[in-house]
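Dear colleague,

Please find the structure below, together with its sequence.

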Amino acid sequence: MNETTPTTTTSQPRFTIRPAQTTDPAEVDRLYDICLRTGASGEDASPLSERPRLLGDVYLGAYLRLEPELAFVLVDGSVEGPEAVVGYVIGTRDTAAFEETLEREWWPEVEQRYPAGSAPEGSYDAGIVSRVHDRSRTDPAVVAEFPAHLHVDLLPEGQGGGNGRRMLETLFDALRDLGVPGVHLGVGADNTRAIGFYEHLGFRRLGDGGWQLGLDLRR
């Protein structure tokens, strides 16, 4: 009788996480596209906007430029090219210092790009442009306990399977390595699904409104 040794095969996971290539224009364009396609409480905002880079200039670009070491992407191994990136998580270790830097190095050029009143009144773009010109600083009480903050966006094809959790844990580990004690984020008050997800990860609501949540990274 001939005996054969069973062969074993290993398969690579479909989705992997790596640092964002923030100096690659094609990847940056892809991240801007993801930002827009998740910009309506997680749904596609591209039909609502006539300025496809506006949302990314407000909620993405500064992080890629100023804190690239805290930008990570989710890659679909079944796809080639820039479209393989199907999600990202970005953050800053020190929200107060980051906001100061934005005032000097980011918002002036964004204000010139999108002047006040430059979008049709009542439109989606008008609401985003107004945030450029009527911005406010994060509550010092929140920053004192949770100095870091983050944004995470995944396209539908990257959702599920624990990808969102793995993306966040990647950022949490990077923040812990920097000695950051806590992180916060904002979420639409009507996005109950997202709020439930974050609470499951250990975030707690801050204040009565519930649109800000914080996580103690020392636990």
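**Salt bridges and a buried serine**

Please note that this is a predicted model. In Ser49, a polar atom of the side chain lies 3.1 Å from the backbone oxygen of Arg51. Ser49 belongs to the loop between helix H1 (25-37) and helix H2 (54-59). Its relative accessibility is 13%, so Ser49 counts as buried, the cut-off being under 20%. Leaving aside residues up to four places away in sequence, Ser49 touches Leu36, Tyr124 and Asp125.

I then turned to charged side chains. Side chains of opposite charge can pair when their charged atoms come close. The whole structure contains 17 salt bridges, and a few of them are described here.

Glu27 pairs with Arg18, with 2.7 Å between the closest N and O atoms. Glu27 is buried at 5% relative accessibility, whereas Arg18 is partly exposed at 25%.

A salt bridge also joins Arg135 and Glu103, at 2.9 Å from N to O. Arg135 sits in the loop between helix H6 (124-133) and helix H7 (140-145), and Glu103 in helix H4 (residues 95-105), so this pair ties together parts that are 32 residues apart in sequence.

By contrast, Arg176 and Asp173 lie three residues apart, about one turn of the helix, and both are in helix H8 (residues 163-177). Their salt bridge spans 3.2 Å from N to O. Arg176 is partly exposed at 32%, and Asp173 is partly exposed at 41%.

Finally, salt bridges link Asp57, Arg65, Glu109 and Arg113 in a network.

Yours sincerely

Note on methods. Residues are numbered from 1 along each chain as its sequence is written. This is a predicted model: local features need pLDDT of at least 70, side-chain atom pairs count only at pLDDT 80 or more; totals for chains, interfaces and linings use all residues. Side-chain values use heavy atoms; hydrogens and water are left out. Helices (H or I, at least four residues) and strands (E, at least two) are DSSP runs, numbered from the N terminus. Buried means under 20% relative accessible area, exposed over 50%, partly exposed in between (1.4 Å probe, protein chains only). A polar contact is a pair of N or O atoms within 3.5 Å; within protein, one must be able to donate a hydrogen and the other to accept it, and residues adjacent in sequence count only if both atoms are side-chain atoms. Contact means heavy atoms within 4.5 Å. A salt bridge is a side-chain nitrogen of Lys or Arg within 4 Å of a carboxyl oxygen of Asp or Glu.
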